[in-house]
There are 2 protein chains.
Amino acid sequence: MGDKGKKGVVLLSGGLDSTTTLALALEAGFTPYGLTFRYGQRHDSELKAAEKIAQQYTLGGHIVVDIDLGTFGGSALTSEEYAIPKGVKGDSPGIKIPVTYVPARNTIFLSFALAYAETLGASDIFIGVNALDYSGYPDCRPEYIEAFSTMANLATKAGVEGNPITIHTPLIHKTKAEIIEEGVRLGVDYSQTISCYDASKSGQACGECEACLLRKKGFAESGQNDPTNYV
Amino acid sequence: MGDKGKKGVVLLSGGLDSTTTLALALEAGFTPYGLTFRYGQRHDSELKAAEKIAQQYTLGGHIVVDIDLGTFGGSALTSEEYAIPKGVKGDSPGIKIPVTYVPARNTIFLSFALAYAETLGASDIFIGVNALDYSGYPDCRPEYIEAFSTMANLATKAGVEGNPITIHTPLIHKTKAEIIEEGVRLGVDYSQTISCYDASKSGQACGECEACLLRKKGFAESGQNDPTNYV
């Protein structure tokens, strides 16, 4: 158990990983402050999921920040120019960057989390990154998170004044099945969460993109019932 | 001289420092891509200055990104709750954080610059931070910039694929007078730039805030004519 009631900023996308992260922050005794981004996603069903989840839990606060990642283009997740690829990328050594990679996304998200934390006087940030399933995303690796923490503590008033920021990544070494088991143990309602890169306006998952396939596989391996609403 | 025509992202606020940085990037042979933020400043004369300056120079591109720093409050530069302090903070050892410090501002700005650079295929970012005049801002120090670079190269496709990002800070160790001398040498029209924290809607500087006093002192020490439009 962490310090009872200590404020923690939780990046909350409305997906399976961030919702489980929120449940873990609560279990550790933090008062979570949710931070969600409207960043030029193709649709806003993910955003609606985040808002619904924020209402289900007892949060200290929840803010939705508009940012303009679409301006930069460069990813299938924000641009109409790319098609969402179906299937899982092949296993191969080294880092392969998928087209769903949004330039500098986690860096931008964590930077806003840092601003929010500093404004709240919080020194804890929770992010549901995962190094196993998303090894193609350079900004999901432990060495990246460690470098961000070092930078954050040089960047901020809190860091400079001896109250260092900690970036918590409780899922970083877990498989999708292990994440789901944790969430089920904590009573997470996964039917409310959206992982799909290509969900319909009403929030139905495509069942065929990489995120859907990883999610399906996770439920299968965990032996848990998959409550996802597929088209 | 740098590589002729190599793309470089230049953070352009419309102030004296960022405009001089732009002129230095051009002198070094870069094709600059300007990046300006609308971030809940109290007024937009700074923004207009940035747009005017971007038109005066030959840029590869210029984008203005809307971000929502005002949501977080916490600074006299974005919130109506604080009064802009007049005068220069006292010289004293150690870091003192002024109320004009915006939480994590340079971290957020550099994160967007990183996204823009990655989208352009650029590996150079220019920022006009200064460690002497702004020693109260933790995110203007060389050790901060170094930590950001390390993080950036772990975060991004470019860094991972062996094309590292360089953060250029050509003003970091210069006095305001030295910055002005560089700019005058390069033909910068400082009457177009706005440094004031409390400028009027029409872009007149207050002459009394810390930024104005440092700017006045810089012109006085450099022996250059001060073309600033004061109220």
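In chain B, L11(B) sits across from L35(B) of strand β2. Here a strand is a DSSP run of E with at least two residues and a helix a run of H or I with at least four, both numbered from the N terminus. This is a predicted model, in which local features need pLDDT of at least 70 and side-chain atom pairs count only at pLDDT 80 or more, while totals for chains, interfaces and linings use all residues. Residues are numbered from 1 along each chain as its sequence is written, and chains are lettered from A and ligands numbered from 1 in the order in which they are written.

Back to that strand pair. β1(B) and β2(B) run parallel and share five bridges, where pairing means that DSSP finds at least two bridges between two strands. Strands of a sheet pair through backbone hydrogen bonds, either parallel or antiparallel. On the β4 side, β1 (residues 7-11) of chain B pairs with β4 (residues 124-126) of chain B, again in the parallel sense, over three bridges. There, V10(B) has F126(B) as its bridge partner.

Put together, the strands of chain B form an open sheet of five, ordered β3-β2-β1-β4-β5 with parallel pairing. Its edges are β3 (61-66) and β5 (166-168), each of which pairs on one side only. From one strand to the next, the twist averages 25°; axes are lines fitted to C-alpha atoms, for helices over the stretch in contact, and angles run from 0 to 180 degrees between N-to-C directions. Helix α1 (residues 16-27) of chain B packs on this sheet and touches β1, β2 (31-38) and β4, with its direction at about 170° to that of β1(B). Contact means that two C-beta atoms, placed from the backbone, lie within 7 Å.

How much of β1(B) is buried? Four of its five residues are. A residue is buried with 20 or more other C-beta atoms within 10 Å of its own, exposed with 12 or fewer, and partly exposed in between, the C-beta atoms being placed from the backbone.

Now for chain A, which has seven helices and five strands, laid out along the sequence as β-α-β-α-β-α-β-α-α-β-α-α. Of its 231 residues, 48% count as buried. F109(A), found in helix α3 (residues 105-120), counts as buried because it has 25 C-beta neighbours inside 10 Å. Setting aside neighbours within four places in sequence, F109(A) is in contact with L11(A) and F37(A).

Also in chain A, helices α1 (residues 16-27) and α6 (residues 176-185) pack at about 45°, their axes 9 Å apart. That angle makes α1(A) oblique to α6(A), since angles under 35 degrees count as roughly parallel, over 145 as roughly antiparallel, 65 to 115 as roughly perpendicular and the rest as oblique. Among the residues meeting here are L16(A) in α1(A) and I179(A) in α6(A).

Finally, the two chains meet through α4. Helix α4 (residues 142-155) of chain A packs against α4 (residues 142-155) of chain B at about 160°, with the axes 8 Å apart, so the two helices are roughly antiparallel. The residues in contact include F148(A) and M151(A) from α4(A), and F148(B) and M151(B) from α4(B). By class, this contact has 12 nonpolar, two polar and two charged residues; Ala, Val, Leu, Ile, Met, Phe, Trp, Tyr, Cys and Pro count as nonpolar, Asp, Glu, Lys and Arg as charged, and the others, Gly among them, as polar.
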